[in-house]
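Here are a few exercises to work through with the model open beside you. Try each task before reading its solution.

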Amino acid sequence: MDSVYSINIERAVLSSVLFNPEEIEDILGIISAKDFYLPAHQKIFAVMEQLHHDDMPIDEEFIRKRVNSKDVDDSILIEILSANPITNTLAYVREIKDGSIKRELASLATKIKKVAIEDDVPAAQAVDTIQNELYKITTDSASSELKDIHVISNDTLDYIKKMKEMGNKHLIGETTGFYNLDKKTTGFNGGDLVIIAARPAMGKTALVLNTALRNVEAGRGVIVFSLEMPAEQLMLRMLAAKTSIPLQNLRKGDLDDQQWSTLTGAFNDLSQKKLFVDDGGSININQLRARVRKLAQKEENKISMIIIDYLQLMQGTGGKDRHLEVSEISRGLKMLARELKIPVIALSQLNRGLENRPDKRPMLSDLRESGAIEQDADIIMFVYRDDVYKERDEARKEKEAKDKGEEYKSTFLNKPIEEAEIIIGKQRNGPIGTVKLDFHKQLTKFVDKEHTGSAPIETIYESVADVQKETMIDMPDILN
């Protein structure tokens, strides 16, 4: 066990912080208190970290005031104070981190045996549990400590200060792709499960692809699980929205010289972006998590958003009632969003029952297998276009008249641009309400009504991290 920890190295690092407090900034980027083996060293480093956070001196006097003598014997402090100075502190810090990871792996080995042999769980569930634990170790995201009110208060205050420094901008998370929707939601935030639901032909896939396009154009990494549509069809829709070339023209290759030039430019631009598509058409929550973790582990991928089209096509892990399977899927997606600290957007079907209502605008109760989805989701949005129903109603009346041998002149005007409503039926951290967009049918593209187009990328992202330009596209599969 000595190979996974060294009391002398831990003591040397703590001594280095005492004599050179400015080093703690770099050290905190590598280790935390839990990485120390000796409990007393954990307590001392935690006090040093808190003193640094409070802009207080990190010295013997202040440490003695804050450390509990029951937890830290005075002789341990004396040994730290009398330790020989070290020059390459970060090399010692990495040794502590290395030992910490090895101890966690040793603990995981014990857990693997328990899950695989002792626990009565299906193999798929056991694999997922082990993958999850290993992912936490490799990303250093595991945390089993309770937070006291002091820590929570400081974290909350830091968050408020950060928002103030951003100039009270309306966009905090990843852009929805639409200025007015960003204002209503502050964007899709890390840890959010977002459900976008609609009846067929309303444009829910088009809406979410518009969102994906705006994010990849801004250098974000986006993963799309397309369970219904091949990757090439998704790409055609994105190209129609990006180039303003009608989708039907792209499908037929019916392009003039100018359109070919525009299309070439769009391909050249998208080839520098990060879009990952899995169009296998069959996947369960465990497989989805494994594939996402594989991509997210690579920092250069900068995954900022996951899209699933659509939730009801996902498979269960077997042997469960469908409502329980959907509950497992929605809960799994929510936990994945929290684990990776990015938004997960899942499209969803609606029950046919709303078709029988005079007002066919969706509501929460229209969600298919709605109980679990409604509970887990942070945001639920519905896509509604009234003209879809008007056109269907006119076609029905015309057919009925024809069957009776009567003449019927339809007053419906099939417009190239229709008004669409994005109805926010639930928002855990914000208001509900409706945002109106224009839907360009030939381009399968939604646009803000008050703008000639969506807000410029520079405006959308002025309140978030710098946009990364050097990215690349990976179509159509995210795993071989």
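A salt bridge is a side-chain nitrogen of Lys or Arg within 4 Å of a carboxyl oxygen of Asp or Glu. This is a predicted model, in which local features need pLDDT of at least 70 and side-chain atom pairs count only at pLDDT 80 or more, while totals for chains, interfaces and linings use all residues. Residues are numbered from 1 along each chain as its sequence is written, and side-chain values use heavy atoms, with hydrogens and water left out.

**Exercise 1.** Find which residues are linked with Arg 214 in a network of salt bridges.

*Solution.* Start from Arg 214 and follow the salt bridges: the network links Arg 214, Glu 217, Lys 242, Asp 269 and Lys 273. For context, the whole structure has 31 salt bridges.

**Exercise 2.** Work out how the axes of α10 and α11 are arranged, and what kinds of residue meet there.

*Solution.* Step one: locate α10 at residues 204-217 and α11 at residues 231-243; helices here are DSSP runs (H or I, at least four residues), and strands are E runs of at least two, numbered from the N terminus. Step two: their axes, lines fitted to C-alpha atoms over the stretch in contact, with angles from 0 to 180 degrees between N-to-C directions, come within 10 Å and cross at roughly 70°. The helices are therefore roughly perpendicular, the label for 65 to 115 degrees. Step three: list the contacts (heavy atoms within 4.5 Å), where Leu 209 and Leu 213 are among the residues of α10, and Leu 234 and Met 238 among those of α11. The residues of this contact divide into eight nonpolar, two polar and three charged.

**Exercise 3.** Determine which salt bridges Glu 418 forms, and whether Glu 418 is buried or exposed.

*Solution.* First, Arg 385 pairs with Glu 418, their closest N and O atoms being 3.0 Å apart. Arg 385 sits in the loop between β6 and α17 and Glu 418 in strand β7, so this pair ties together parts that are 33 residues apart in sequence. Next, Lys 441 also forms a salt bridge with Glu 418, again with closest N and O atoms 3.0 Å apart. Lys 441 lies in the loop between β8 and β9, so that pair joins parts 23 residues apart in sequence. Finally, check accessibility: buried means under 20% relative accessible area, exposed over 50%, and partly exposed in between, using a 1.4 Å probe and protein chains only. Glu 418, at 1%, is buried, as is Arg 385, whereas Lys 441, at 24%, is partly exposed.

Key. Parallel < 35°, antiparallel > 145°, perpendicular 65-115°, else oblique. Nonpolar A, V, L, I, M, F, W, Y, C, P; charged D, E, K, R; others polar.
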